[in-house]
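Me: I am new to this structure. Please take me through it in short questions and answers.

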Amino acid sequence: MQDQLSGELHFMNVTTAPPEYWDTHYEQQNLVYEEQSIPFRELFDRFMPRGGDCFEVGCYPGPFSIYLAKRFGFRVNGIDTTPFVSTHLPAHLREQNVEVGELIQGDFFTYDAERTFDVVCSFGFIEHFKDYKHAIERHLNLLSDDGTLVISTPNFRNIQYFLHRWLDAENLERHVLAAMSLREWRKQLESAGLKIIWQGYYRTADFWWESSETTVQLERKRLMVRRALQAIDRRISWPNRWLSPYMITFAKRVSDDDSRPRKTC
Ligand SMILES: C[S@@+](CC[C@H](N)C(=O)[O-])C[C@H]1O[C@@H](n2cnc3c(N)ncnc32)[C@H](O)[C@@H]1O
């Protein structure tokens, strides 16, 4: 447990990217929704259920929730520590004609929803916590019987690790590499009684960075690496552990399995 008070929030899981980091990052961003830049769309088409309530953990700035709501008819719910989730996100979602449920500014690790959701998802959340398994467990507490869980992280292991260490070291520090393991996710989810619908790496190769450390030379190298990997990506479709930029798992709670653990934390 991290013994840290930030505003009124008490953070219950040690994070590699504290709220101040995200708030500063978001202050510099305009809220723009670009459907074409959302990854996993073809996988969503295959594995997402239709309709009901969706809950996104770490939901700001909301592109995934917007896409899922527009495409599959979900009502959007979510939580994020950033105050922008209350001041900016509701209007942004409504501008996109998305039905809004509950948007909470708060710490996911102390949040008690007192209800469950048809879809619980996060995109780039669990890998910011040392105890990422606890983060996954908290996702499960929110999932309804027959609910669908979607967890995704970037892939910073293997060749990606060396690229990030070389060109994106500051960002690498904000990520817990142990959390980027499809095998560990599968083990944990199956032992909690979920059925894995699909899991895998996403796209063949790409490189992204998020760093305040910038020089002309460094930027040139980053762009060069990105161009080279994107060129490979355009020619070859081979999701892999070495260079794929993302990984994702879709899992479903099997309602007739009475052995699944109930709320544990
Ligand atoms: C990588 S970002 C996710 C971005 C977003 N899902 C997207 O791509 O559209 C991680 C998010 O988790 C939020 N976050 C970090 N710690 C949190 C916590 N303990 N409880 C709730 N949200 C948290 C951050 O403010 C940030 O918005």
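Me: Where is Asp-118?
Reply: Helices (H or I, at least four residues) and strands (E, at least two) are DSSP runs, numbered from the N terminus. Residues are numbered from 1 along each chain as its sequence is written. Asp-118 lies in a strand covering residues 117-123, namely S6.

Me: What kind of model is this, and which pLDDT limits apply?
Reply: pLDDT is the predictor's confidence in each residue, from 0 to 100. The model is predicted: totals for chains, interfaces and linings use all residues, local features need pLDDT of at least 70, and side-chain atom pairs count only at pLDDT 80 or more.

Me: Is Asp-118 buried or exposed?
Reply: A residue is buried if 20 or more other C-beta atoms lie within 10 Å of its own, exposed if 12 or fewer, and partly exposed in between; C-beta atoms are placed from the backbone. Asp-118 has 20 C-beta neighbours inside 10 Å, so it counts as buried.

Me: Which residues does Asp-118 touch, leaving out those up to four places away in sequence?
Reply: Contact means that two C-beta atoms, placed from the backbone, lie within 7 Å. By that rule, Asp-118 touches Pro-49, Gly-52, Asp-53, Cys-54, Ser-144, Gly-147 and Thr-148.

Me: What distance separates the C-alpha atoms of Asp-118 and Phe-129?
Reply: Along the chain these two residues are 11 apart.

Me: How many residues of H3 are buried?
Reply: H3 is mostly covered. Its buried residues include Phe-64, Ile-66 and Leu-68. They pack against helix H2 (41-47), strand S3 (52-57), S4, helix H5 (89-95) and S6. Of the 10 residues in H3, the buried ones number seven.

Me: Which residue follows H3, and what is its phi?
Reply: The residue after H3 is Gly-73. Its phi is positive, near 75°.

Me: Where is the peptide bond from Tyr-60 to Pro-61, and what is its omega?
Reply: Most residues other than glycine have a negative phi, and most peptide bonds are trans. Pro-61 sits in the loop between S3 and H3. The bond from Tyr-60 to Pro-61 is cis, with omega near 5°.

Me: What is the phi of Asn-158?
Reply: Asn-158 lies in the loop between strand S7 (143-154) and helix H7 (159-167). With 14 C-beta neighbours inside 10 Å, Asn-158 counts as partly exposed. Asn-158 is not a glycine, yet its phi is positive, near 60°.

Me: What is the phi of Arg-203?
Reply: Arg-203 is found in the loop between strand S8 (194-202) and helix H10 (216-235). Arg-203 is partly exposed, with 19 other C-beta atoms within 10 Å. It is not a glycine either, and its positive phi is about 70°.

Me: What pLDDT does the chain average?
Reply: At least 70 is the score of 91% of the residues. Over residues 1-10 the pLDDT is below 50. The chain average is 92.
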